[in-house]
Amino acid sequence: MSLRDRIRDSQVYRSIFRHPAPVDRRNRVLVVVSNLVLHLHPVAIPKHALRPGFTWCMGGITCFLFLVETITGVLLMFYYRPTLEWAYNDMLALRDVVSLGVLREVHRWGAHAMVISVMLHMYRVFLTGSYKPPREFNWVVGVLLLLLTLLLSFTGYLLPWDQLSIWAITVGSNMARAVPLLGHEGPGQQILAAGDTLNRFYVLHCVAIPLLAALLMGLHFWRIRKDGGISGPL
Amino acid sequence: MYGNEHEFLERIAGPMGWFYLSACAVNLLAAGRALRGRRPQRAGAWGAVGLTFAVLGWRAFDGNPAAMPEACKDAIDAVLGPVTFTLGSFLILWGLYLGRRVFVRPAVAFAGLNVSLLFLGLSLTDAQFAAVVIQPDNVPIVAMVYLLALFTWLSASAAVKNDRRLGQGLAPAEKDQAEKALVWPDLVYTELICMILASAVLLIWSLSVQAPLEQPANPAVTPNPSKAPWYFVGLQELLVFSDAWIVGVVVPCLIAFGLMAIPYLDPNPQGSGYYTIRQRPFAYGVFQFGFLLLWVLLILVGTFMRGPNWGFFGLYEVRDPHKVLALGNVKLSEYFWTIWLGRGVPQVAADAGSLAQFGHILWREIAGVTLVGLYFVALPPLLGRTLLRRLRAQMGFGRFTLMAVLLLAMMTLPLKMILRWTMNLSYVVSMPECFFNL
Ligand code: HEM
């Protein structure tokens, strides 16, 4: 027996995967059905949906980038303190002192990439007419995810607390603040007060929006299955 | 921009060399493909282009990258303006749409790619152009432009192919691949490869471009211009045409609502689950207009052509903060009362009660209010009886009216632009007293 087969035959392997290696049809079905991650998928899909030319893989890439952002984001949280005193200095330290110096880069460029990929995903879904019945509601969920992605990126933009970030956010928040009655004169003033903004954005960025986005993604994926899988010509 | 032209050239020479080498490699690959496809002429053409890029690359590595002639730069900057850029892009996209059967041909698209790469390469030796394009936060926008071009082309060629089949009474190409494949191994491996590629791109990107970190935040020093993050720069661009809260709150809400409403406002059952243009020209046209022209294009204008005081600058034009800017500064009420009626603009009596004041304001803005009212109230039924008769019949009164109002709301943007350019009009309705300018 080869080493590979021996591993696959071992009690440990079987206890984890609950079925033999996916080399025949029966076990290829089983691996998808009985694996926590893979069972998001149906067991079989139409061949056209496999072609990158159809989906452009953009939904999947968006999901993947969200995971990358979650992991690098948690790592960044170990180093970053959202206070006026520390935020900028922690950025300097991240650049100059912390090992694995690309952490911030991966998180930042991953965020930009996610904004692009989610727009391209929407573009694809529109161009294949995949929002048509029965998938109308999943399109609506998608639009909410698009908004959350933009808000995630926007709230994160402030956190380095340098000139680039505060003025970019100021441009945005000034627009919101200009709302008659609710803005300058009303509650907007308190929500967007300088010292508190950093902390509020931090909590939104690290906890509130990601949780909401993860929930909606769950709904999005579940609906893809319930709506009959990936769209295709009837 | 850079103190020393020479220093700048030295800094970018290496990266430029790699840029040209990659362009060369892509062309040689294309030539190889053409050879295998028994198309010697085409192979020769791509080979020649590849060699040209190789020569350019060699010059760049040598520290002396080829530059765009100054006369060319001046000509491009002289032609570029908000009007020519917006209208020009519109006409180009319109032309691409009409001629899509020609433009989706791989050879034509590939030639377009080569032209754009050459343009980018020659322009990057310009310090001003490079300063904007190579800004770390702007790199993704360049990537997005290429990705959008790639995917627009990909979808259009699939659509053209399908449209041809549908014209012959056949099913769309996707239908031929309707039989099922097992998720393991086919999809799982595709996803794995995709994940590895995405990780590789992200890692290379992260290793080669450092995340920006400027001076510590200082509320006392306002950069000129201050720009929103790039995906909101298109909205910021609208500040030129309307009030901050309309742009920052009303417009985003309308966009979000309009997007969510799309599935409920598109009564066309055809074109679900495959690429086609012929079966849904209206939906396709409206979406492309809104997405490519009003969203993406405004992002490009805001990022690459807006400088100090939000003035419009050419691609190679030095960002001079003292540039004199053309302002749209005549209100419609002024046109109406002063120029057309030959009387003064009615004044709002300061001592009147607030209701009376509001009446005065309305009277002053009567032309604009009537126009906007007519636009949103009279145009939908009119459109339903003329241009969009078929849609009106399919959708019924309520849904059609909602669709038409959203569509008209979207069209206010290009209309406002045109009014600004032709009449120097600042606001159609201007009620600063009630925070309302349109
Ligand atoms: C965080 C954002 C999002 C994630 C992670 C995500 C993920 C996915 C994935 C993995 C798929 C499977 C097919 C594919 O990859 O194309 C999918 C399908 C779909 N998505 Fe999204 N999506 C997101 C945002 C959006 C947005 C912005 C829209 C539209 C406005 C949207 C609408 C849809 C629809 C209608 C489908 C079904 C497509 C079909 O059956 O062909 N999604 N999404």
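**View 1. A nonpolar surface patch in the predicted model.** A:Ile71, A:Val74, A:Leu75, A:Met77, A:Phe78 and A:Tyr79 make up a nonpolar patch on the surface, and their accessible area together is about 580 Å². Patch residues have over 30% relative accessible area and no salt bridge, with like charges joined within 9 Å and nonpolar side chains (Val, Leu, Ile, Met, Phe, Trp, Tyr) within 5 Å. A salt bridge is a side-chain nitrogen of Lys or Arg within 4 Å of a carboxyl oxygen of Asp or Glu. Areas come from the Shrake-Rupley method with a 1.4 Å probe, and for residues only the protein chains shown count as cover. This is a predicted model, where local features need pLDDT of at least 70, side-chain atom pairs count only at pLDDT 80 or more, and totals for chains, interfaces and linings use all residues. Residues are numbered from 1 along each chain as its sequence is written, chains are lettered from A and ligands numbered from 1 in the order in which they are written, and side-chain values use heavy atoms, without hydrogens and water.

**View 2. A:Tyr79 in its loop.** A:Tyr79 lies in the loop between helix H5 (58-77) and helix H6 (87-96) of chain A. Helices are DSSP runs (H or I, at least four residues) numbered from the N terminus. A:Tyr79 has 37% relative accessibility and so counts as partly exposed, between buried (under 20%) and exposed (over 50%).

**View 3. Side chains at the ligand.** A nitrogen atom of the ligand is 2.8 Å from an N or O atom in the side chain of A:His121. A ligand oxygen atom is 2.8 Å from a side-chain N or O atom of A:Arg124.

Note on methods
Helices (H or I, at least four residues) and strands (E, at least two) are DSSP runs, numbered from the N terminus. Buried means under 20% relative accessible area, exposed over 50%, partly exposed in between (1.4 Å probe, protein chains only). A polar contact is a pair of N or O atoms within 3.5 Å; within protein, one must be able to donate a hydrogen and the other to accept it, and residues adjacent in sequence count only if both atoms are side-chain atoms.
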